[in-house]
Amino acid sequence: MSASSPVSPANALRAAVHAALAADPALTAALGGARIHDVPPPTPEFPYVTLGEAQVIDWSTATETGHEHRLTLNVWSRQGGHGEAHHLAHLVQAVLHDAPLTLDGHRLVNLRATSAEIRREAGGRTYRALLRLRAVTETG
């Protein structure tokens, strides 16, 4: 990217999270492939992971430009019961919690998995794990 259009810290973080998840052999094996989506296809193969909502908060100091990020990832499963959703949520958290990700144009200060909530969606066939992450980034 050119200096006139730097990558935003949110986009840099999302790209690094996506790359880390897609590169993890245990997760991709459990998913049946690198089924990590920013926007899922119209008819996705289950199970899969989507990058969800994000909140970006100014975390700057007098000397550094920084941001706090609150990310939500979704793990989608159609296996009977909660078991697969719990297992996949654990794998995603293991890949990302305290991961030393490299960001384009930014530095990751920390990345923490803060919570997981597994629920059955309407219709009763699909389970979703909502994973919440908190990250702090600095420019540079």
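The term stands for a side-chain nitrogen of Lys or Arg within 4 Å of a carboxyl oxygen of Asp or Glu. Side chains of opposite charge can pair when their charged atoms come close. Arg128 counts as buried, at 16% relative accessibility; buried means under 20% relative accessible area, exposed over 50%, and partly exposed in between, using a 1.4 Å probe and protein chains only.

A word on what you are looking at: this is a predicted model, in which local features need pLDDT of at least 70 and side-chain atom pairs count only at pLDDT 80 or more, while totals for chains, interfaces and linings use all residues. Residues are numbered from 1 along each chain as its sequence is written, and side-chain values use heavy atoms, leaving out hydrogens and water.

Next, find Arg107 and Glu138, whose side chains form a salt bridge at 2.6 Å, N to O. This pair links distant parts of the chain, 31 residues apart: Arg107 sits in strand β4 (residues 106–120) and Glu138 in strand β5 (residues 127–139). Strands here are DSSP runs of E with at least two residues, numbered from the N terminus. Arg107 is partly exposed, with a relative accessible area of 41%.

Now turn to Glu68 and Arg70, which meet through their side chains in a salt bridge of 3.2 Å, N to O. Glu68 is buried at 5% relative accessible area, whereas Arg70 is partly exposed at 41%. A network of salt bridges links Glu68, Arg70 and Arg134. Across the whole structure, a search finds nine salt bridges.

Conventions. Helices (H or I, at least four residues) and strands (E, at least two) are DSSP runs, numbered from the N terminus.
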